[in-house]
Amino acid sequence: MKKFGPGLLVAAAFIGPGTIATASQAGANFGFALLWALAFSVFATCVLQEMAARLGVVTGRGLTEALRSHIQSKWLSRAAIALVLGAIGFGNAAYEAGNIAGASLGISTVIFIDQDVLALAIGLLAAVLLWINKYRLLEGVLIALVGLMSLVFLLTFLLISPDWSAMVGSLLQPTLPEGSLLVAIALIGTTVVPYNLFLHASSSAKQWADAADKREALSLSRWDTGLSISLGGLISIAIMGTAATAFFSTDLVYSAITMADQLEPLLGASAKLFFALGLFAAGLTSAIAAPMAAAFAVSGAFSLSTQGQVRLYRAVALTIVAVGTLFSALGTKPLVAIVFAQVFNGFLLPVVAIFLLYIMNQKRILGAYVNGILANLCGLLVVLTVIGLGAWKIFGVL
């Protein structure tokens, strides 16, 4: 385990309320028809996160710092950083609303308190833990609950014997059933999380800061990224599969109240309580991670003293929590808020991905470790696919 690191953090970050709700909704409403979108999102995550990790290992800097130091024109540099930070700020605020809504949704099924009140309480708890820098006090317990819930989804998926032919068919012949486009974009947005690119680059820079052999460090980083993201993708597929088997083409109606029914084949009457605790844990861990990632991205964009960095970090993190709490407590339906946050991230992803591709092709920064032809083609495929889906949706609305 000492050889692995940031990849596990990235995988844990995208297995939150967004993944649980979006993958469940996709399975419940469309069966396995959108499995291709989920498989594509796992591929896209591996491609982009490998680039972010390589940047951190080779340069020892995060994505925002690399942008700031490379672009020579003062005005162009400011415009690029403002665009990226705007995407991260809006994206994380939307994501935070979904995280807090997910945590409050989970706990409200076993503690009968109004969800708006619970959202305020959870937002306050996240803010306090970030302010006093003691979030690690709960981190171990929360991650253990999320890990246990992931294991239960996997075991349930194997127990229910899903329709394997439908799964293979979706991968070989991708389709978009009527009304499924936003859910497909949300599946990509909940897996390829833009802020994870900043988090991964900075974490990799710290993880392998003392590595004497860059090639060995890169090899470890790639194994770490590939295995961790693949595990996260497998869990997402299991979530979609359990929901498809429990709800699709049945008399059951998928909703916030019936979400836990997909775990009944394994847990029986305990499914509701277990699902509630797992969703709460996933929501709270993500509600802490998202503001942290945004704060790291913003603070890396400015050359400040140590004290100035701390003040800016806290200001950004608390602002993200406050905005997310406000929107999640306005009475929006939790499942709607969660899925909307993933759609929003899906639309913002190309902005961050394009800047990442630009940096990864700069020899002055990466030397011999710049992107090769295959990496660039895969990156362009990801960007063009996400832009195409977004443009298709906008064209449909118009």
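Modeller: A pocket is an open set of points on a 1 Å grid over the protein atoms alone, where a 1.4 Å probe fits and protein lies on both sides within 12 Å along at least five of seven lines; its lining residues have an atom within 4 Å of a point. Rolling a probe the size of a water molecule over the atoms shows where empty space is left. Before the case, a word on the source: this is a predicted model, in which local features need pLDDT of at least 70 and side-chain atom pairs count only at pLDDT 80 or more, while totals for chains, interfaces and linings use all residues. Residues are numbered from 1 along each chain as its sequence is written, and side-chain values use heavy atoms, leaving out hydrogens and water.

Biologist: What is the volume of the second largest pocket, and which residues lie nearest its centre?

Modeller: A volume is the space filled by probe spheres set on the grid points, which are joined across faces, edges and corners. For the second largest pocket this comes to about 490 Å³. Its lining has 24 residues, and K206, F296, S299, Q309 and Y313 are those nearest the centre. Two or more lining residues come from each of α4 (63–70), α6 (115–131), α10 (194–207), α13 (271–299) and α14 (306–328); such helices are DSSP runs of H or I with at least four residues, numbered from the N terminus.

Biologist: How do the residues of that lining divide into nonpolar, polar and charged?

Modeller: Ala, Val, Leu, Ile, Met, Phe, Trp, Tyr, Cys and Pro count as nonpolar, Asp, Glu, Lys and Arg as charged, and the others, Gly among them, as polar. On that basis the lining holds 11 nonpolar, eight polar and five charged residues.

Biologist: Let us turn to helix packing. At what angle do the axes of α3 and α8 cross?

Modeller: An axis is a line fitted to C-alpha atoms, for helices over the stretch in contact, and angles run from 0 to 180 degrees between N-to-C directions. The axes of α3 (residues 35–59) and α8 (residues 164–172) cross at roughly 65° and come within 8 Å. This crossing is right-handed, the term for a near helix turned clockwise from the far one by less than a right angle. Contact means heavy atoms within 4.5 Å; here L35, W36 and A39 of α3 meet M167, S170 and L171 of α8. Five of the contact residues are nonpolar, one is polar and none is charged.

Biologist: Why is helix α9 described as largely enclosed?

Modeller: A residue is buried under 20% relative accessible area, exposed over 50% and partly exposed in between, using a 1.4 Å probe and protein chains only. Helix α9 (residues 181–191) is largely enclosed by the rest of the structure because 10 of its 11 residues are buried. Among them are L181, V183, A184 and I185.

Biologist: Which residues does G346 contact beyond its neighbours in sequence?

Modeller: G346, in helix α15 (residues 334–359), contacts I185, G189 and V386 when neighbours within four places in sequence are left aside. With 3% relative accessibility, G346 counts as buried. The C-alpha atom of G346 is 7.9 Å from that of V192, 154 residues apart along the chain.

Biologist: Is A53 buried or exposed, and what does A53 touch?

Modeller: A53 belongs to helix α3 and, at 0% relative accessibility, is buried. Not counting residues up to four places away in sequence, A53 touches H200, S204, S221 and T225.

Biologist: Where is G16 placed?

Modeller: G16 sits in the loop between α1 (6–14) and α2 (17–30), and its 3% relative accessibility counts as buried. G16 touches A282 and S286, not counting residues up to four places away in sequence.

Biologist: Finally, what is the phi of S161?

Modeller: Most residues other than glycine have a negative phi. S161 has a positive value, near 50°. S161 lies in the loop between α7 (136–159) and α8 and counts as exposed at 54% relative accessibility.
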